[in-house]
Amino acid sequence: MTKDSNDDAGDISQADAGEKKPPRAKKAAEKAPKPKAPVPPSEFRCGRIALVGRPNVGKSTLLNALLGEPIAIVSRHPQTTRDQIAGVVSVPGAQLVFLDTPGIHAARSKLGEHMNDVAWDTAKDADLIVFLAEANEDLARSIRNEDKLLLQKMPANKPMLLALNKIDLIRDKTRLLPVLERWGSLRDFAAIVPVSAKKANGTARLIKEVSERLPLGEPLFEGDEISDKPARFFVAEFVREQILRKTFQEVPHGVAVLIERFDEAGKIPIIEVAVHVQREMHKRIVIGSKGELLKAIGTEARARAEALLGTQVHLKIWVRVTPDWQESDARLKDFGYGQST
Ligand SMILES: Nc1nc2c(ncn2[C@@H]2O[C@H](COP(=O)(O)OP(=O)(O)OP(=O)(O)O)[C@@H](O)[C@H]2O)c(=O)[nH]1
Ligand SMILES: [Mg+2]
């Protein structure tokens, strides 16, 4: 890791003290529906469900819609998600552990290879797969070759559902019927569910279809947990999300975000974050003229962090140049992306 001695920092601390509230996860759990009649433990269902597909088809948006909480970051850029992220959905009689994954793509870096490995391993280890693709009302173009190739490589030994996303973009819904039929001819899907992750349409049916097919078993997560990832992971992701949304071309993909300090001892948590970019030029772009862009990135990431933690936070962001970190096994490990092989 190359540390610049003259790091530029964007300090967007908030001075006013506020009372600490319980984490968002607890609030979400309170909203979860309570079983009307208790389900006997022997009939409880629980399982891990891989959300897989090409980049940008809406896997993370769907995870958030299923949870009713925007935990996973979303952007219009492909390859936004880099990790497996669990989102726990509890319904009477079942716990559904949805696993968001990186979009499977033609990798051009060790980071890309690692991301693909994460997605394939998640699909192989899950109890059930939800394959996500974009709906297209044009029958001839409704199924992309990349989707067909991915489908062929998916494990054949477990139930797979198809979620056809972005149906809000289709004006004439009757045109979907032949498209659904064509998808159905490709594989023996356990169910095909049209959804709009953006508008949270079709999510209740998806939850029902999935929960019916889960294995019997005890819950994997406690009642108030909505993810396996700690708060610090999401805060780093919220900073990366703002960079993805506010920068262009190769800058967003060359960014890694690391939490350097996460101090919850005081009344207001202090979080220090290092943003690693690949080039000096990218550092200048992320900071922006007079630090304006970094300030905007920090302000919005802090708002997301405060909503998640249920308390005000001091967030300080540093930008550092770490050339070629995406090609270095050691740097990838330092940055939490594990081994790429
Ligand atoms: N119109 C519409 N847009 C959607 C829908 N779901 C997702 N999107 C948009 O599609 C883009 C990609 O969404 P993501 O959820 O980041 O997609 P992803 O599959 O997780 O992408 P990767 O993490 O890169 O693999 C974003 O601009 C979303 O707002 C939907 O149901 N309708
Ligand atoms: Mg994603």
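Analyst: Ile 207 lies in helix H6, and that helix is the part taken up here. Helices (H or I, at least four residues) and strands (E, at least two) are DSSP runs, numbered from the N terminus. This is a predicted model, in which local features need pLDDT of at least 70 and side-chain atom pairs count only at pLDDT 80 or more, while totals for chains, interfaces and linings use all residues. Residues are numbered from 1 along each chain as its sequence is written, and chains are lettered from A and ligands numbered from 1 in the order in which they are written.

Ile 207 has 18 C-beta neighbours inside 10 Å and therefore counts as partly exposed. The scale behind that label uses C-beta atoms placed from the backbone: a residue is buried if 20 or more others lie within 10 Å of its own, exposed if 12 or fewer, and partly exposed in between. Apart from neighbours within four places in sequence, Ile 207 is in contact with Leu 66, Val 89, Val 91 and Leu 96. Contact means that the C-beta atoms of two residues, placed from the backbone, lie within 7 Å. Val 91 is 116 residues away from Ile 207 along the chain, yet their C-alpha atoms are separated by 8.6 Å.

H6 itself runs over residues 203-212, and its buried residues are Thr 203, Leu 206, Val 210 and Ser 211. These residues cover an arc of only 125 degrees around the axis, so they sit on the same side of H6. The arc is that of the directions from the helix axis to the C-beta atoms. An α-helix has 3.6 residues a turn, so residues three or four places apart point the same way. On the other side of H6, Ala 204 and Glu 212 are exposed.

The loop between strand S7 (191-194) and H6 holds Ala 200. Ala 200 is not a glycine, but its phi is positive, near 55 degrees. Most residues other than glycine have a negative phi. Ala 200 counts as partly exposed because it has 15 C-beta neighbours inside 10 Å.

Ligand 1 comes next. Its shell includes 23 residues, of which Gly 58, Ser 60, Thr 81, Gly 103 and Lys 198 come nearest. A residue is near a molecule or strand if its C-beta atom, placed from the backbone, lies within 6 Å of it. Helix H2 (residues 59-67) gives the largest share of this shell, 3 residues. By type, the shell divides into 7 nonpolar, 11 polar and 5 charged residues. Ala, Val, Leu, Ile, Met, Phe, Trp, Tyr, Cys and Pro count as nonpolar, Asp, Glu, Lys and Arg as charged, and the others, Gly among them, as polar.

Glu 69 is in the loop between H2 and strand S3 (85-91). Glu 69 has 19 other C-beta atoms within 10 Å and is therefore partly exposed. Glu 69 and Leu 308 are 239 residues apart in sequence, with 9.2 Å between their C-alpha atoms.

In H7 (residues 231-246), 12 of the 16 residues are buried, so H7 is largely enclosed by the rest of the structure. Among these buried residues are Phe 234, Val 235, Phe 238, Val 239 and Ile 243, and the charged Glu 237, Arg 240 and Glu 241 are also included. The elements that the buried residues of H7 pack against include strand S8 (256-263), strand S9 (270-277) and helix H10 (292-309). The loop between H7 and H8 contains Gln 249, which has a positive phi of about 50 degrees although it is not a glycine. With 10 C-beta neighbours inside 10 Å, Gln 249 counts as exposed.

Among contacts between residues at least 6 apart in sequence, 73% join residues at least 24 apart.

Where pLDDT is low, the predicted coordinates should not be read in detail.
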